[in-house]
Amino acid sequence: MATTRHTPLPLDVRLMTLVTHVLVGVFALLCAGLLATWLVQHPVWSVRAITVQGDVAHQNAVSFRAQLAKQMKSRLTGSFLTVDLGEVREVFEAVPWVRKAVVQREFPNRLRVTLEEHQAVAWWGQSGSGQLVNTQGEVFDASPDDGDGLPELAGPAEQSGQVWALYQALGAEFAQLQLVLERLELSERGGWQARLDNGAVIELGRGTPADLMERTRRFTATLGQLTERYAGAAVQSADLRYPNGYALRMRGVTTVTDIPAGTTQNPR
C-alpha cells in the first residue's frame with residue numbers, strides 16, 4: 001500500500017493564513033461591537049418615563065417635578081440599558097425629606113423609583129433651626145410645616161443617634177410623672193442636661209446610658225413624695241450628679257437636698 005506524504009506548507013503561507021484568521025476575527029468583533037452600540041443607542045431604548053412611588057407626603061407634585069427636571073436632564077445620560085442608576089438615585093436623595101431612593105429598570109424603557117422619606121421626631125439644636133432628627137437618629141436638613149410640637153435634641157452631630165435613643169428612654173421615665181421631656185443636650189465634654197416642659201432643668205452628669213437611667217429612676221421614684229410635701233411648688237431644677245442622691249430646687253421653696261448622711265457632697 002502506497003503511503004501518502006504531506007508536504008508542510010511553506011512558512012510564509014502559514015503566516016498569511018494565520019494573519020487572515022486573525023483579521024477575520026477582529027473584523028467580526030468590530031461588527032459585533034458596532035451592532036451592540038447601535039442597539040443600545042436605538043431610540044427604542046430611550047428612557048420614556050420615570051415612575052415615583054413610596055413616601056411622598058412632603059413632596060408637592062409640581063415643585064417636585066420642577067426640582068428634578070434640570071438635574072435629570074444633565075445627569076440622565078445614556079439609554080435605558082446604560083443609564084447609571086447610582087446617579088439617578090443621588091438626584092432623588094438630594095431632594096429635601098428624601099432619606100433613601102431605590103431605582104430599578106422596568107423593561108423596555110421605564111425607570112421605577114421607590115422613595116423613603118425622613119420621619120421627623122425632633123429638632124436638632126434649636127427649634128426652627130432647619131435641622132431635624134429622624135426615627136433612625138439621623139440629622140437631616142428640612143423645614144416641617146408644623147414643628148411646634150417637636151422636642152429639641154442637641155450635641156455633637158456624630159452622636160445624634162445616641163442622643164435620640166437616650167431621649168426615648170428618659171422620656172418614658174418622666175412620662176410616669178406626667179412630665180414631658182422637652183429638650184436633651186449632650187455637651188462636648190460628655191455631660192447631659194435635660195429640660196422638662198414645666199421649665200425645670202435636670203443635670204444628669206456624665207456616664208453610660210445605664211448610669212444616667214439609674215440616676216433618673218432614683219429621682220423619679222422620690223420626686224412624688226417631695227412634691228406632695230411642698231404642695232403647689234413646682235420643680236425648678238435638679239442635680240442628679242451625686243453618687244447616692246440628688247439636689248433639688250423648687251420654686252418658692254428653699255433648696256432641698258435628698259442626700260443620705262455620710263455621702264459625698266461633690267457632684268460628678
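User: Which residue in β3 stands opposite V103?

Analyst: This is a predicted model, in which local features need pLDDT of at least 70, side-chain atom pairs count only at pLDDT 80 or more, and totals for chains, interfaces and linings use all residues. Residues are numbered from 1 along each chain as its sequence is written, and side-chain values use heavy atoms, with hydrogens and water left out. Strands (E, at least two residues) and helices (H or I, at least four) are DSSP runs numbered from the N terminus. The residue in β3 opposite V103 is V113.

User: How many bridges join β2 to β3?

Analyst: Two strands pair if DSSP finds at least two bridges between them. Strand β2 covers residues 98–106 and strand β3 residues 110–117, and the two run antiparallel. They form a hairpin with three residues between them. The number of bridges joining them is eight.

User: Do β10 and β11 run parallel or antiparallel, and what is the bridge partner of V201 in β11?

Analyst: Three bridges join β10 to β11, and these strands run parallel. The partner of V201 in β11 is S237.

User: Which residue of β12 is the bridge partner of A238?

Analyst: β11 and β12 run antiparallel and are joined by four bridges. They form a hairpin with six residues between them. The partner of A238 in β12 is L248.

User: At which residue does α5 bend?

Analyst: Helix α5 spans residues 209–229 and reaches 31 Å from its first C-alpha to its last, close to the 30 Å expected at 1.5 Å a residue; that expected span is 1.5 Å times one less than the number of residues. Its buried residues include F219, L223 and L226. A bend is the angle between axes fitted to the seven residues ending at a residue and the seven starting there. In α5 the bend is about 35°, at L223.

Notes
Buried < 20%, exposed > 50% of the residue type's maximum accessible area, 1.4 Å probe, protein only.
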